[in-house]
Amino acid sequence: MIFAAGLAGEAAARCEDVVPQPRPQNASRDYVGQSLDAIRERGFIRFAVYEDFPPWSWQGPDAAPMGVDIALGRIIAEDLGVAPRFDFVTPAETYEADLRNHVWKGPVVGGSASNVMLHAPYDSRLACRVEQVVFTGIYFTERVAIAYREDAYPDDAPVPAWFRFDAVAVENDSIADFYLTSLARGALAGNLRRFPTTAAAMRALAAGETKAAMGPRGELEAGLVPGLALHAPPLPGFARGSWMLGVAVRHSWRPLAYAVDDAVQAAVADGRLAAIFEAHGLTWEKPDW
């Protein structure tokens, strides 16, 4: 009891200066998602995954779901004894809007919330603010990295300071874009080449349009071709150069959240998750729980 009280005190202290979102008032839309028993009874579970988001989730030939998150969803579904179904969703302007639309309330027009959202970045302050969501099933540590042309940097891999002189590709309005734009009082901004996605930035790098590309390591690795390399150097002044990824479940369905977390942790422990990353040519970094 003393230990439990201590944990409760730590949680309260962590959230004491965070203002939570307003609680939902529309009772007619408050019942979304499904309990664990209902999911097992109907025989399938619905996962929200981002569309056109390699290497994590995309639709291949005949609209077949593909990617790391798809493989993880199948592991979770198998552990629960049900079939997986994947709802490919378009990112909203903010992550909190994604959680509202696909986890705890449902979109304003058409559709409904999914049972589980995959590829959910975890942040303790966000967890305090968005009380309608349980963040669990942490399975990966993502970090910002730099991909580069080996012929352009034959001796040393580039660091951000080099982009005062060399062109670097980034996804528009991404964390890498914001970081490089603000670094050194904007001295690098003129050498940024912005693209709609990190995948497009990597294609530009491969074509020789820039000497480097910066973004999340997993997305950069997915675009590597011969002649390109990747590293994750220290990033001066970067408050958040890495983050953990997990899943998000509506707060009403905690038994489902516990079952999903058990399935993810089992896949981490027995090596199945690492094998998924290896099969996609990616580096798996164990999360720092």
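Predicted model: local features only at pLDDT ≥ 70, side-chain atom pairs only at ≥ 80, totals over all residues.

**Loop between β1 and β2**

I started at Pro-55, which sits in the loop joining β1 (44–50) to β2 (58–59). I looked up the peptide bond from Pro-54 to Pro-55 and found it cis, with omega near 5 degrees. Asp-52 belongs to the loop between β1 and β2 as well. Its phi is positive, near 45 degrees, and Asp-52 is not a glycine. Most residues other than glycine have a negative phi, and most peptide bonds are trans, so I flagged both spots. Is Asp-52 buried or exposed? Asp-52 has a relative accessible area of 63%, so I put it down as exposed.

**Another positive phi**

I then went to Ala-184, where phi is near 55 degrees, again positive in a residue other than glycine. Ala-184 is in the loop between α6 and β8 (192–195). Its relative accessibility is 36%, so Ala-184 goes down as partly exposed.

**Overall counts**

I stepped back to the whole chain. I get ten helices and eleven strands in the protein. Of its 289 residues, 46% are buried. For contacts between residues at least 6 apart in sequence, 74% join residues at least 24 apart. The accessible surface comes to about 14,200 Å², and carbon and sulfur atoms hold 53% of that.

**Cores**

Which residues touch the most other members of the largest nonpolar core? I have Ile-45, Ile-76, Leu-99, Val-116, Leu-180, Met-214 and Leu-256, in a core of 71 residues. Another core, of twelve residues, lies apart from that one, and Ala-145, Ala-147, Ala-213 and Leu-228 are among its members. In soluble globular proteins, nonpolar side chains tend to be buried together.

Leaving out residues up to four places away in sequence, Ile-76 touches Phe-47, Leu-118, Val-260, Ala-263 and Val-264.

**Val-247**

Next I looked at Val-247, in strand β11. Val-247 has 0% relative accessibility, so I call it buried. With residues up to four places away in sequence set aside, its contacts include Val-116, Met-117, Leu-118 and Ala-120.

**Ala-97**

I moved on to Ala-97, in helix α4. Its relative accessible area is 10%, under the 20% limit, so Ala-97 is buried. Pro-107 is ten residues away along the chain, and I get 9.2 Å between the two C-alpha atoms.

**Largest pocket**

Rolling a probe the size of a water molecule over the atoms shows where empty space is left. The largest pocket holds about 1,300 Å³ of space. Which residues are closest to its centre? Out of 35 lining residues, I noted Tyr-50, Phe-53, Pro-121, Glu-171 and Glu-219.

I also asked which elements supply the lining. At least two residues each come from α4 (95–104), β5 (116–122), α5 (124–129), α6 (175–182), α7 (198–206) and β11 (242–250). By class, I have 16 nonpolar, six polar and 13 charged residues in the lining.

Note on methods:
Residues numbered from 1 in each chain as written. Heavy atoms only, no water. 1 Å grid on protein atoms, 1.4 Å probe; cavity = no way out; pocket = protein on both sides within 12 Å on 5 of 7 lines; lining within 4 Å. Points joined across faces, edges and corners; volume = space filled by probe spheres on them. Helix = DSSP H or I, 4+ residues; strand = E, 2+ residues; numbered from the N terminus. Nonpolar A, V, L, I, M, F, W, Y, C, P; charged D, E, K, R; others polar. Buried < 20%, exposed > 50% of the residue type's maximum accessible area, 1.4 Å probe, protein only. Contact = heavy atoms within 4.5 Å. Areas by Shrake-Rupley, 256 points an atom, 1.4 Å probe, with all protein chains shown as cover. Core = buried A, V, L, I, M, F, W, Y, C linked by side-chain atoms within 4.5 Å.
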